[in-house]
Amino acid sequence: MDKPLKDILRLFQAEPSRTWSIVMTFFGDMVLPRGGSIGLPTLLSLFQAMDVGSGTVRTALSRLSADGWVERTRIGRNAYYCLSSRGMALSRDAEPRIYGTFSFKTQRKLRLAVASASVRSLVGDEAALVATRMREAGYTAFAPGAWLGVDDGTLPDGIFGLDVDGSQVAMQCLAAYFSLDDLARSYLRFEKIFSPLAKMCTDPAEQKGVFHQDGLSAVVARTLLIHEYRRIALRDPHLPEALMPSDWVGYRAQTLCATIYRALLPASEAWLTENGRGGDAGRLPAPTPAFYMRFQEVREAQSGDFV
């Protein structure tokens, strides 16, 4: 494992344990496009390469299963895991915000989202799930039962959207509800952490390095890359370009993430094909066609930066 990846691993290991969250990232990024089910040995191999013990992984899976995010099946003595319908819905909703399938730096309408009376009456876990779904969709709460965001797709049941007047005054007023300072710091941290990895992935002098020889390291790097980027991108309201600073760091971070991601795909997918086992104990099926569209619009907008 080369130094840039070791440095990234050390940073993740220094933070409070988020094994369950990394499991969800791995499922959404690599397992869901390839049949949706993965055997426990494959998961253990991934986390062993991250220096995470099998007991910690099993505990994380038990927690996710108890909370209704993953489901376990057994075939003989082997255990296989997949996202539950709830977990799949959350992952599908998040995909456009992670992989840039929204229109890159385009002018999109702001939308006011309002909850129905039945949604406003929800409490506990049900209310928390609505809040999570709205946050994953890029909406920021500014009053009970009301959110502001960008018209990027379908809202959860019981939430109604109204397009906002696009006048300059209205846009400036709405922009005041979105704080970008913390988001910018997170994107800058992402750049600092992953820029050395980008150089190793794309520099011709480095291209015969570890990721072309060790597919498991490519899987680890890809998982940590998307895990960190996902945490930021899902907090980003993706406001229209007119409301953003001209040198907005989020655009650079997205391009950086896409650059590394595309460079890691061949080796990481080859490892999954060779080592991944699905619910029928066979090799994982090929990725769905939609998988190959990830970051496509970013690539088209910044084609000169990609390998």
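Modeller: Happy to! Keep in mind that this is a predicted model. Let's begin with Asp-7, which is partly exposed, with a relative accessible area of 26%.

Biologist: Why is Asp-7 called partly exposed?

Modeller: Buried means under 20% and exposed means over 50%. Asp-7 has 26%, so it falls in between and is called partly exposed.

Biologist: What makes the contact of Asp-7 with Arg-10 a salt bridge?

Modeller: The cut-off is a nitrogen to carboxyl oxygen distance within 4 Å. Here the closest N and O atoms are 2.2 Å apart, so the pair qualifies. Both residues lie in helix H1, 3 residues apart, which is about one turn of the helix.

Biologist: How do you know that Glu-228 is buried?

Modeller: Its relative accessible area is 4%, and buried means under 20%, so Glu-228 counts as buried. Glu-228 also forms a salt bridge with Arg-189, with the closest N and O atoms 2.9 Å apart. Glu-228 lies in helix H10 and Arg-189 in helix H9, so this pair ties together parts that are 39 residues apart in sequence.

Biologist: Is Arg-189 buried or partly exposed?

Modeller: Arg-189 has 34% relative accessibility, between the 20% and 50% limits, so it is partly exposed.

Biologist: And what makes Glu-191 and Arg-252 a salt bridge?

Modeller: Their N to O distance is 3.0 Å, within the 4 Å cut-off, so they count as one. Glu-191 lies in helix H9 and Arg-252 in helix H11, so the pair ties together parts that are 61 residues apart in sequence.

Technical notes
Residues are numbered from 1 along each chain as its sequence is written. This is a predicted model: local features need pLDDT of at least 70, side-chain atom pairs count only at pLDDT 80 or more; totals for chains, interfaces and linings use all residues. Side-chain values use heavy atoms; hydrogens and water are left out. A salt bridge is a side-chain nitrogen of Lys or Arg within 4 Å of a carboxyl oxygen of Asp or Glu. Helices (H or I, at least four residues) and strands (E, at least two) are DSSP runs, numbered from the N terminus. Buried means under 20% relative accessible area, exposed over 50%, partly exposed in between (1.4 Å probe, protein chains only).
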